[in-house]
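Reader: I've got a model open and I'd like to learn how to read its side chains. Can you walk me through it?

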Amino acid sequence: MEWQWGWPKGVFKMIDLRVAPKAESEKLIRIRRLTKTFTTVILGAYLVSVAGFVGWWWYRQSRQNFVSNKVVRLSQELQALAPVEVNVRAVEARSKLAKNFLDARGTVAEEAGYASQGPIIPSGWEYGGGKMTAKLETNSMEEVRAYTEYLLNRYANVRLESANFSSQKGWLTTVSYSGRNKE
Amino acid sequence: MKLDKMIWVLYPAVVLVFMFVTLNFLINDAQTWQALLGPVKTEAGDDEKRAQMLEEKLASLNTVNTEAVQADLNFLATTIPTSRQVWLLIAGLERSASESGANLETYRGTVGDVKEGEATASAAVARARPQNENLELSVVYKVSGMPQLVQLLGYLEKTRPLVKVSKAIMDGDDVTLTVEGAWSPWTKLSAEALNTSLPEFRQVLDEVKTRTGDFGFVAELGNPTDLPVSGVTNPF
C-alpha cells in the first residue's frame, strides 16, 4: 500500500486552492472600451474649446489695448480743441434760447395791424393774457357789426362786451376777441 | 497588470481632474465671461462706441471755423445779452419811438421810475438783483392813433436785443406797453457735457439769423468780455 502524507494514497484528492483566472465577460470589455473612447472624445473637444477660448481672449486683449490707446490719443487731441468745443456748445445753447424766445413772444404787431385794417380803426386797443379788446367809436351799430364780422374772419371768439350811446360821441362799444381760426 | 486593468477608471478620472483644474484657472469669476462676451471695454470703461464718438467729434471740431464761431457768439450775445442790460432795452424803446414818430414819455421797471431825459446809470447799478429775474419795463408812449401804434410795435419787434411785448393798452393817444427784454447768462458747461458728441447747431443758428436778419441793433456792444471761453474751466 502506498502512503501519502501519512495516509494511504488516494484517501485525499488534490484540491487546487489557487484562484483560477475568470474569463472576463464581454460586457465588461465593452464598457472599458466605451469609457476610454468617450473620455478621449471629451478630452479632445475640451482641448479644442480651450484653444478657441485662449485665442478669443488674446484677440480681446489686443482689441482692448488698441481701443485704450485710441481713446487716450483722441482725448489728448480733443483737449487741445476744448476752447473751440466750448464755443460751439455755447452757440448751440444760445441759438436755442433765441429761437424759443422768438417762438414764444407772440405777434403783437401783427395783431395790432389786423385790428387797424378793418372797416373802422379802433380808438382804443388792448392786448394781453391771450385776449384782445378793441374800443370803437361809431355812428351806428352797423359799423360795429361790420367790424365784428371782420374779426370773425380771423378769430373764433368775438364778443361784444359793452355798448354805450351818447349824443356827442355816438356809439362807444368794446369788442373782445381771441382764438385764431385754424387755417 | 493591475494598472493595466485599472486604466479605464484612472483615465477618465485624470481627465476630469485636468478639466476641472484648467477651467478653474482660466475662468476665475463671472466677470471674465462677461468681459469676453460683451463689447470690448478698457479698464477705464471706454468702449469702441466711445472711441468712435470721440473720432467723429474730433473730425467735426477740425472743420469748425473758429472765427465764424466767434462772430456767431458775438451776434447771439447781442441778440440775447448775457446780463440784465436795462440800458440796451431803453435804447431799443427810444429807437422804436424815433423810427415810428411816437413820443416816449416814461418807463418804469425793477430799477425804479425813470423819466425820459433823466435816466442815470447809477440808478440801474445801485440795486443788485438776482440773475433769474425778468428784465421788464412798463413804458408809456404818446401816439397819434392805431396806425402809429402798429408801426411802433413793428419796430419794437425788430429790435436787437430781442424784446417781447407782453401787454399793450392804447387809450386815445396814450399807449402803455409792458416790455420784457431777453437776457440769459452763459451756461457753465459741465465736464460730462464735454464727453458727449458735438451737437448740431447750424440749423437753429441759421433759422435765428434768418428771422432776425433785418433786425436793427440798438447799440454796439463791442467785444463781449464774458464769452464762455474765459468763463469755463477746462475740465481736462
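Predicted model: local features only at pLDDT ≥ 70, side-chain atom pairs only at ≥ 80, totals over all residues.

Reader: Okay. How are the rings of Tyr155(A) and Tyr177(A) arranged?

Author: For a ring pair, look at the distance between centres and the angle between planes. Here the centres are 4.7 Å apart and the planes meet at 55°, so the pair of Tyr155(A) and Tyr177(A) is tilted. Next, check where each partner sits. Tyr155(A) belongs to strand S5 of chain A and Tyr177(A) to strand S6 (residues 170–180) of chain A, so the pair ties together parts 22 residues apart in sequence. Tyr155(A) is buried as well, at 1% relative accessibility.

Reader: Which residues do ring pairs link into a cluster with Tyr155(A)?

Author: The cluster holds Tyr114(A), Tyr147(A), Tyr150(A), Tyr155(A) and Tyr177(A). Over all chains, the count is eight aromatic pairs. One of them joins Tyr114(A) and Tyr155(A), edge-to-face, with 5.9 Å between centres and 75° between planes. That pair links distant parts of the chain, 41 residues apart: Tyr114(A) is in helix H3 (residues 108–116) of chain A, and Tyr155(A) is in strand S5 (residues 155–166) of chain A.

Reader: What about charges and rings: what sits over the ring of Tyr114(A)?

Author: The charged end of Arg154(A) does, 4.6 Å from the ring centre. There's also a case between chains: Arg94(A) lies over the face of Trp186(B), 4.5 Å from the centre of the ring.

Reader: Now the nonpolar cores. Which residues touch the most other members of the largest one?

Author: In soluble globular proteins, nonpolar side chains tend to be buried together. In this model, the largest nonpolar core has 45 residues, and Trp125(A), Tyr141(B), Leu153(B) and Leu177(B) touch the most other members. Helix H7 (residues 146–157) of chain B supplies the largest share of this core, six residues. A second, separate core of 33 residues includes Trp186(B), along with Val69(B), Leu73(B) and Leu205(B).

Definitions and conventions:
Residues numbered from 1 in each chain as written. Chains lettered and ligands numbered in written order. Heavy atoms only, no water. Phe/Tyr/Trp six-rings, centres within 6.5 Å; stacked < 30°, edge-to-face > 60°. Helix = DSSP H or I, 4+ residues; strand = E, 2+ residues; numbered from the N terminus. Buried < 20%, exposed > 50% of the residue type's maximum accessible area, 1.4 Å probe, protein only. Lys NZ or Arg CZ within 6 Å of the ring centre and 35° of its normal. Core = buried A, V, L, I, M, F, W, Y, C linked by side-chain atoms within 4.5 Å.
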